[in-house]
Amino acid sequence: MRPAPVRDDLIRVAYESAKDRFDAEYELFADMVSDWDAEPVHVRGQLVGAVLIRHNEIHACITPAGFRRWLTKPLLKRTLGRVLHDYGCAITKVAEDNPTGRAFVERMGFKPVRTDRL
């Protein structure tokens, strides 16, 4: 059984997954998600990302080492399943210039409701 990663490890791997699309240093990112839950994402024992959850908002922050290999039924149940059970719906955000992310959330059943330009 692998030891549970500490919160800083989860936030750091989440930041690493998004830092190229996110205009902030790690410390600002960590502060912004300080009140979010973080669920670890492992592939073959390696920490490859984190799912961040606050209320009914959910974000999968996955590094390239986990691409196309990270999503499992147990993880879905612990994350999206929990949000749907607790709130009845889930929301997420995807940058317009992230077609891979948009395609993924659409496959997961999310529907676009608004487009914001930053």
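**Figure 1. Salt bridges in the predicted model.** This predicted model holds 7 salt bridges. Side chains of opposite charge can pair when their charged atoms come close. Four residues, Asp 37, Glu 39, Arg 78 and Arg 82, are joined to one another in a network of salt bridges. A salt bridge also links Asp 8 with Arg 12. The next two views show these cases separately.

**Figure 2. The salt bridge of Asp 8 and Arg 12 in helix α1.** The closest N and O atoms of Asp 8 and Arg 12 are 4.0 Å apart. Both residues belong to helix α1, and because they are 4 residues apart there, about one helical turn separates them. Asp 8 is partly exposed, at 41% relative accessibility. Arg 12 is partly exposed too, with a relative accessible area of 37%.

**Figure 3. Glu 39 and its two arginine partners.** Glu 39 forms a salt bridge with Arg 78, and the closest N and O atoms of this pair are 3.1 Å apart. The pair connects distant parts of the chain, since Glu 39 is in strand β1 and Arg 78 is in helix α3, 39 residues apart. Glu 39 also meets Arg 82 in a salt bridge, with an N to O distance of 3.8 Å. Here too distant parts of the chain are linked: Glu 39 in strand β1 and Arg 82 in helix α3 are 43 residues apart. Glu 39 is buried, with a relative accessible area of 18%. Arg 78 counts as partly exposed at 37% relative accessibility, and Arg 82 counts as partly exposed at 27%. Asp 37 is a further member of the network that contains Glu 39, Arg 78 and Arg 82.

**Figure 4. The open sheet of three strands.** The sheet is open and consists of 3 strands in the order β1-β2-β3, with antiparallel pairing. Strands β1 and β3 stand at the edges and have a single partner strand each, so one side of each has no neighbour in the sheet. On average, and with direction ignored, neighbouring strands of this sheet are turned by 20° against each other. Helix α1, residues 7-18, packs on the sheet and touches β1, β2 and β3. The direction of helix α1 makes about 95° with that of β2. Helix α3, residues 73-87, lies across β1, β2 and β3 and runs at about 155° to β1.

Figure 5. Strands of a sheet pair through backbone hydrogen bonds, either parallel or antiparallel. Strand β1 covers residues 37-43 and strand β2 covers residues 46-54; the two pair in the antiparallel sense over 7 bridges. Ala 50 in β2 is the bridge partner of Pro 40. Between the strands of this hairpin are 2 residues, and Arg 44 takes a positive phi near 50°.

**Figure 6. The hairpin of β2 and β3.** Strand β3, residues 57-62, runs antiparallel to β2 and is joined to β2 by 6 bridges. Ile 53 stands opposite Ile 58, which is in β3. This hairpin has 2 residues between the strands, and His 55 takes a positive phi near 55°.

**Figure 7. The surroundings of Glu 57.** Glu 57 lies in strand β3. Glu 57 is buried, with a relative accessible area of 10%. The side chains of Glu 57 and His 59 make a polar contact at 2.7 Å. With neighbours within four places in sequence left aside, Glu 57 is in contact with Trp 36, Leu 52, Ile 91 and Lys 93.

**Figure 8. Cys 61 and Cys 89.** A search of the whole structure finds 0 disulfides. The cysteine sulfur closest to that of Cys 61 is in Cys 89, at 19 Å, which is too far for a bond. From the side of Cys 89, the closest cysteine sulfur is that of Cys 61, again at 19 Å. Cys 61 is buried, with a relative accessible area of 9%. Cys 89 counts as partly exposed, at 39% relative accessibility.

Conventions
Residues numbered from 1 in each chain as written. Predicted model: local features only at pLDDT ≥ 70, side-chain atom pairs only at ≥ 80, totals over all residues. Heavy atoms only, no water. Pairing = 2+ DSSP bridges. Buried < 20%, exposed > 50% of the residue type's maximum accessible area, 1.4 Å probe, protein only. Polar contact = N/O pair within 3.5 Å; in protein donor to acceptor, adjacent residues only side chain to side chain. Contact = heavy atoms within 4.5 Å. Axes fitted to C-alpha atoms, helices over the stretch in contact; angles between N-to-C directions. Disulfide = S-S within 2.5 Å. Salt bridge = Lys/Arg side-chain N within 4 Å of Asp/Glu carboxyl O.
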